Amino acid sequence: DAPTYQGFAKLMGWADSHRRLRVRANADTPRDARMARNFGAEGIGLCRTEHMFFEGDRITAMREMIVARDEGGRRRALEKLLPMQRADFEGIFQAMDGYPVTIRLLDPPLHEFLPHGGEESSLLAASLHLSRQELSRIVSSLRETNPMLGHRGCRLGIVYPEITEMQARAIFEAAVRAYRRGIDVHPEIMVPLISDVTEFRHQRAIIERAADQVMGVMGERVPYLIGTMIELPRAALTADEIAAEADFFSFGTNDLTQTTFGLSRDDAGRFLPQYVERGIYPDDPFQVLDTKGVGKLVRWAVRDGREAKPGLKVGICGEHGGEPRSVAFCHSVGLDYVSCSPYRVPVARLAAAHASLAD
Ligand code: PEP
Ligand code: MG
């Protein structure tokens with residue numbers, strides 16, 4: 001009701017006047033982006049593009065791309081995906097008019113996009129002019145024992161540069177179209193799962209080439225940033241080299257927790273409650289940022305990154321970005337922003353204000 005809302009708005013206004021950390025949201029659709037803005041988000045800190053392909057015709061085109069036998073087949077599937085991506089991004093830029101939007105390049109564990117057999121596989125085989133046996137041979141060759149440590153993140157864009165090229169084209173075409181409609185666009189393109197600066201350099205060159213091509217043809221330039229996730233210990237430990245070439249960092253603390261602890265984020269829930277109950281871990285590290293180990297990597301990466309590039313923009317987009325104690329830690333190590341699910345934005349705004357006041 002109105003008085004409750006007014007009370008809430010007043011409280012959040014106080015919080016906002018005290019906090020130093022900016023608060024963004026993780027959102028993949030215009031609807032979520034609008035909701036995030038209503039909750040007070042000051043940008044999108046993570047748009048997971050793989051989430052755009054889980055349904056309808058889209059998953060079919062994505063599967064065609066993943067199982068294509070050669071670059072030609074992949075390019076044909078990517079041509080189908082390009083207009084969908086462009087429309088998605090244009091909608092998100094419009095919803096976030098005036099605010100930064102961080103779009104992450106495709107980061108699927110491949111198994112999530114493989115067909116599950118039955119009618120799905122028959123349709124896919126037919127659209128690719130393959131026999132069911134040929135398709136199942138290709139699918140078996142793509143299956144991984146450890147998909148979360150496998151062919152995902154930037155590794156996909158390095159082996160198949162045409163994927164990065166299509167996504168970058170879609171982002172820049174959408175940004176110029178939105179700009180022409182009077183929308184204030186601030187795209188930030190983010191490369192996932194970097195472990196070495198050479199991976200970032202490779203992807204950055206493709207993105208820059210796409211930017212020059214698109215903006216050259218469309219006759220309009222929009223400003224943009226190209227940065228990376230820091231979500232592997234090796235990336236955190238080589239942050240100085242990466243910062244020299246990246247415009248921003250965003251800590252992916254879901255994967256950084258997984259890889260620092262050597263704990264599967266998908267399976268650890270089976271025994272972590274007992275660990276916490278028995279005092280082995282003080283908290284579930286996927287819920288509350290482990291300030292000792294994972295936090296040390298974050299602290300070092302911020303320090304080394306900013307030594308290499310003073311003023312480097314740094315945020316966090318793992319689940320911890322909306323958890324109050326973790327937000328306090330992010331404040332203490334000097335991050336510029338946290339990014340969390342839209343529903344957690346008000347809590348993050350309050351936690352950021354508490355952290356400033358505690359200073
Ligand atoms: C992360 O790893 O923290 C992250 C934000 O990426 P995702 O959860 O999509 O792997
Ligand atoms: Mg991740």
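**Notes on a predicted model and its two ligands**

1. Let's start at ligand 1: one of its oxygen atoms is 3.3 Å from a polar backbone atom of Gly252. That makes a polar contact, meaning a pair of N or O atoms within 3.5 Å; within protein, one must be able to donate a hydrogen and the other to accept it, and residues adjacent in sequence count only if both atoms are side-chain atoms. The protein covers 96% of the 280 Å² of accessible area that ligand 1 has on its own (areas come from the Shrake-Rupley method with a 1.4 Å probe; for residues, only the protein chains shown count as cover).

2. A word on reading this predicted model: local features need pLDDT of at least 70, side-chain atom pairs count only at pLDDT 80 or more, and totals for chains, interfaces and linings use all residues. Residues are numbered from 1 along each chain as its sequence is written, chains are lettered from A and ligands numbered from 1 in the order in which they are written, and side-chain values use heavy atoms, leaving out hydrogens and water.

3. Back to ligand 1, which is surrounded by 13 residues, with Arg48, Arg104, Gly252, Asn254 and Arg265 the closest (a residue is near if one of its heavy atoms lies within 4 Å). A side-chain N or O atom of Arg265 is 2.8 Å from an oxygen of the ligand, and a polar backbone atom of Thr253 is 3.0 Å from a ligand oxygen.

4. Now find the magnesium ion, ligand 2. Glu231 (OE) and Asp255 (OD) coordinate this ion at 2.0 to 2.2 Å. Glu231 sits in the loop between strand 5 (225-230) and helix 10 (233-237), while Asp255 belongs to helix 12, so the pair ties together parts 24 residues apart in sequence. Donors are N, O and S atoms within 2.8 Å of the metal (3.2 Å for Na, K and Ca); water is not among the atoms, so the site may look incomplete. Helices (H or I, at least four residues) and strands (E, at least two) are DSSP runs, numbered from the N terminus.

5. Glu231 and Asp255 are both buried (under 20% relative accessible area; exposed is over 50%, partly exposed in between, with a 1.4 Å probe and protein chains only). Thr228, in strand 5, is buried as well, at 0%. A polar side-chain atom of Thr228 lies 3.1 Å from the backbone oxygen of Val191.

6. Finally, look at Ser326 in helix 15 (residues 324-332). Ser326 counts as buried because its relative accessibility is 1%, and its side chain reaches the backbone nitrogen of Leu289 at 3.0 Å.
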